[in-house]
Amino acid sequence: MDEKIRSRRKFCREITSLSLVGILPVPVLHACFSGESENPGNQLMTDMSKADQKKNNFFEPGYLRLHRTGELRARADVLWEMMNVCRLCPRKCGSDRISGQKGAYCKATSQLRVSSYNPHFGEEKPLVGTNGSGTVFFTHCGLLCVFCINWEVSQGGMGKDTGIKQLSDMMLRLQKMGCHNINVVSPSHYSPHILLALDRAASEGLRLPLVYNTSGFERLEILKILDGIVDIYLSDFKYFDSEMSAKYSPGAETYPEVTKKALIEMNRQVGIADPKANSGILQRGLIIRHLVMPNNVGNTDQLLEWIAGNLPRNTYVNLMSQYTPVFRADEYPEINRRITVKEYRNAIKSAIGAGLTNLDIQG
Ligand code: SF4
């Protein structure tokens, strides 16, 4: 091997190590590849032995291995086929999205729509780090919550038609900006598009962990297809009672049962979220978000007891206090206010009383 190339590769390995421990920003890492390969990410993967990876605390997102074997593309195709009679989410409404049929609960067709993408600093600290979480917000959602804070996007259709290549370029751009992960927000109805874009971005050097930022209303069959692709599940667990989910997320009476099974599967796939293992930046694991609602609409105490009894007690649970009565909340007097300090404190007491040990508590 040419001495110049050997020396450049040595330099890349050293600089990679510095970047991964947060000493250098990721753009510097990218700059060091220029001129060596048209496909810098793959080149790096080929060059580094397993011993090198261990030595450098090298993180490889799950989807890279599946990309190399062609499995990622194959799974994207399986999901794409499901849009013929759509059953990508637990609504299983059967809309023919490929031919653009209207009538889907989520209002999505096969045309991808993206509302925005940017480094985001409002997510959990282990996702935000110093440079932000690389969020991509997708238009539409199948859960239809009457209190949705992003209702213009999730139910109003706000966003732009976007191609797979564009989505892939967004991911690469977020990586170049130094984000610590790619965080796909409301991904369920666009999971085929996300996998296709990920496959393309992987071939061009994407190597950030993938965060699947979901309402928790996920089919087991779909989660099994995502096994090995998603590094971090960031999942809501909103309601414990089906009457509540049916009322505030119209028609979603199966939400509690579906979400319980989904959380168990997510935990099986990625395990406990332990940011300490990587200087405070999360690379793998499950984070559960519970939005504390007024008048205990979510049945917070029982919901937390369920988590403590069915998942490891050190499961990362974020107790969210920011409920705001927006969109159609004024049609329901019981949820048409913010929560009180006492309601939030009760939620904390319930979590501690249930034995949960890895709590993200606000304020
Ligand atoms: S993703 Fe949308 S179209 Fe597909 S089953 Fe769910 S609500 Fe229906």
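I began with β2 and β4, which pair in the parallel sense over four bridges. Strands count as paired if DSSP finds at least two bridges between them. Across this pair, Val136 stands opposite Val184 in β4.

The model is predicted: local features need pLDDT of at least 70, side-chain atom pairs count only at pLDDT 80 or more, and totals for chains, interfaces and linings use all residues. Residues are numbered from 1 along each chain as its sequence is written.

I then looked at the other neighbour of β2. β1 runs antiparallel to β2, with six bridges between them, and Ser116 stands opposite Phe137 in β2.

I checked burial next (buried: 20 or more other C-beta atoms within 10 Å of the residue's own, with C-beta atoms placed from the backbone). Six of the six residues of β2 are buried, so the strand is largely enclosed by the rest of the structure. Ser133, Thr135 and Phe137 lie on one side, and Gly134, Val136 and Phe138 on the other. For the protein, 47% of the 363 residues count as buried.

I traced the whole sheet. It is open, has nine strands with mixed pairing, and its order is β3-β1-β2-β4-β5-β6-β7-β8-β9. The edge strands, β3 (160–161) and β9 (359–361), each pair on one side only. Further along, β5 (residues 210–214) and β6 (residues 232–236) run parallel and are joined by four bridges; Tyr212 has Tyr233 as its bridge partner in β6.

I turned to α13 (residues 255–270). Gly271 follows α13 and has a positive phi, near 75°.

Of the 15 residues around the ligand, Cys86, Cys89, Cys93, Ala104 and Cys106 come nearest. The shell divides into eight nonpolar, three polar and four charged residues. Here Ala, Val, Leu, Ile, Met, Phe, Trp, Tyr, Cys and Pro count as nonpolar, Asp, Glu, Lys and Arg as charged, and the others, Gly among them, as polar.

Technical notes
Buried ≥ 20, exposed ≤ 12 C-beta atoms within 10 Å, placed from the backbone. Near = placed C-beta within 6 Å. Helix = DSSP H or I, 4+ residues; strand = E, 2+ residues; numbered from the N terminus.
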